[in-house]
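This briefing is intended for a reader who is meeting the structure for the first time. Please keep the sequence and the model in view while reading.

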Amino acid sequence: MNSLKPFSEPLAALSADATANHALQLAFDTLQIEADAILSLKQRIAGEDALAFIEAIKLVLKCKGRLVVSGIGKSGHIARKIAATFASTGTPAFFLHPAEAAHGDLGMVTSQDVFIAISYSGEAGELVSILPILKRLGVKLIAMTGNPQSTLAKLADLHLSVHVDKEACPLNLAPTASTTVTLALGDALAVAVLDARGFKEEDFARSHPGGALGRRLLTHVKDVMRTGNAIPQVKPDTKLSSALLEITQKGMAMTAIVDDDNQIVGVFTDGDLRRLMDKPLNFSELIIADIMRKNPHRIGPEQLAVEAVEIMEQHRINQLLVADAQGKLVGALHIHDLTRAKVI
């Protein structure tokens, strides 16, 4: 309980309407200042900074090595995110801490790389100290600063301005609007580059195999389908009673009907059985070929599992047969298989 005492007075103060309104106003002001700063960035990219932005895109696209992004302090946090965005959208990239660079990690940088250095003042000592080595290596340098007259801006091959009129911090000290603008500029550059590369959903999925999109775009039917003895299947001359036993044992609420060459000729589901119950039939004598549904929906094993989901949703079915190019039964899918694989 003692650890909460230092916070008791501020929390109590926030309960007063006047103080709460003041806090909300500060929040509104912060969002407005940062929004205005991004709009100013947009105007610069559309105007005086357009050429530099286009040249930056060209540099990254021509890069035969990797994109190295560096910064320290709050700029370092932004640099990490920018590097991660590029890496996940088709541009090999990594973050390099400038202080660690001066103590050996600069060896990770090659002459084939492009280096993005981020410092709002453009005078961060840790970054400036490694610039001579980068220049000797012949590394192309893009600077993101708020001061075009800074050391970093002057030594760079390209300068992208992240200038803001003021920070959102009431003291105009904590990097707030400036870091927001820097992040937005990095995102704009990454998006422009990925589009120029022709980067597609499938490419994104390969960088995110553990994510939902990765599972949707990388999981194939053959990865999740049931095979071998797990596939419910009977011959056309099988009696209904035996077919029901097969359905029960395999637990898919259906069975495929195949001929002697394993060609799919029909399907029978528990739904079909329920519909039969309303008819005056001699169930003990029924042959599955007489009551099966012919030409059932099917999918190929090499197709994406998400395509199976689309077929099931379109036709309102819970099971799907998997057939090879010759129409032979090779697998079966239940909606639960796709759910377990997190395709849905």
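This is a predicted model: local features need pLDDT of at least 70, side-chain atom pairs count only at pLDDT 80 or more; totals for chains, interfaces and linings use all residues.

Residues are numbered from 1 along each chain as its sequence is written, and side-chain values use heavy atoms, with hydrogens and water left out.

**Nonpolar cores**

- The largest nonpolar core comprises 35 residues, and Phe86 and Ile142 have the most contacts inside it.
- A nonpolar core is a set of buried Ala, Val, Leu, Ile, Met, Phe, Trp, Tyr and Cys residues joined through side-chain atoms within 4.5 Å; buried means under 20% relative accessible area, exposed over 50%, and partly exposed in between, with a 1.4 Å probe and protein chains only.
- A second, separate core has 18 residues, among them Leu96, Phe115, Leu141 and Ala156.
- Apart from neighbours within four places in sequence, Ile142 is in contact (heavy atoms within 4.5 Å) with Ala56, Leu59, Val60, Val114, Phe115, Ile116, Ala117, Leu158 and Leu160.

**Helix packing around α9**

- Helices (H or I, at least four residues) and strands (E, at least two) are DSSP runs, numbered from the N terminus.
- Helix α4 (residues 74–88) packs against helix α9 (residues 177–197) at an angle of about 15°, and their axes are 10 Å apart.
- Axes are lines fitted to C-alpha atoms, for helices over the stretch in contact, and angles run from 0 to 180 degrees between N-to-C directions.
- The helices α4 and α9 are therefore roughly parallel to each other; angles under 35 degrees count as roughly parallel, over 145 as roughly antiparallel, 65 to 115 as roughly perpendicular and the rest as oblique.
- Residues of α4 that meet α9 include Ile78, Ile82 and Phe86, and those on the α9 side include Leu183, Gly186 and Val193.
- Helix α3 (residues 50–62) crosses α9 at roughly 55°, with axes that come within 10 Å.
- That angle makes α3 oblique to α9.
- The contact involves Phe53, Ala56, Ile57, Val60 and Leu61 of α3, together with α9 residues including Leu185, Leu189 and Val193.

**Helix α13**

- In helix α13 (residues 240–250), the buried residues are Leu240, Ala243, Glu246 and Ile247.
- Viewed down the axis of α13, these buried residues fall within an arc of 115°, so they line one face of the helix; the arc is that of the directions from the helix axis to the C-beta atoms.
- The face of α13 turned away from the buried side carries the exposed residues Thr248 and Gln249.
- The buried residues of α13 pack against β6 (233–234), β7 (254–258), β8 (264–269) and α15 (288–291).

**Single residues**

- His334 lies in strand β12 (residues 329–334) and is buried, with a relative accessible area of 9%.
- Leaving aside neighbours within four places in sequence, the contacts of His334 are Arg226, Met252, Met312, Asn318 and Gln319.
- Glu313, in helix α16 (residues 305–315), is exposed, with a relative accessible area of 58%.
- Asn262 is not a glycine, although its phi is positive at about 70°; Asn262 lies in the loop between β7 and β8 and counts as partly exposed at 26% relative accessibility.
- Arg316, in the loop between α16 and β11 (319–323), also has a positive phi, near 55°, and at 80% relative accessibility Arg316 counts as exposed.
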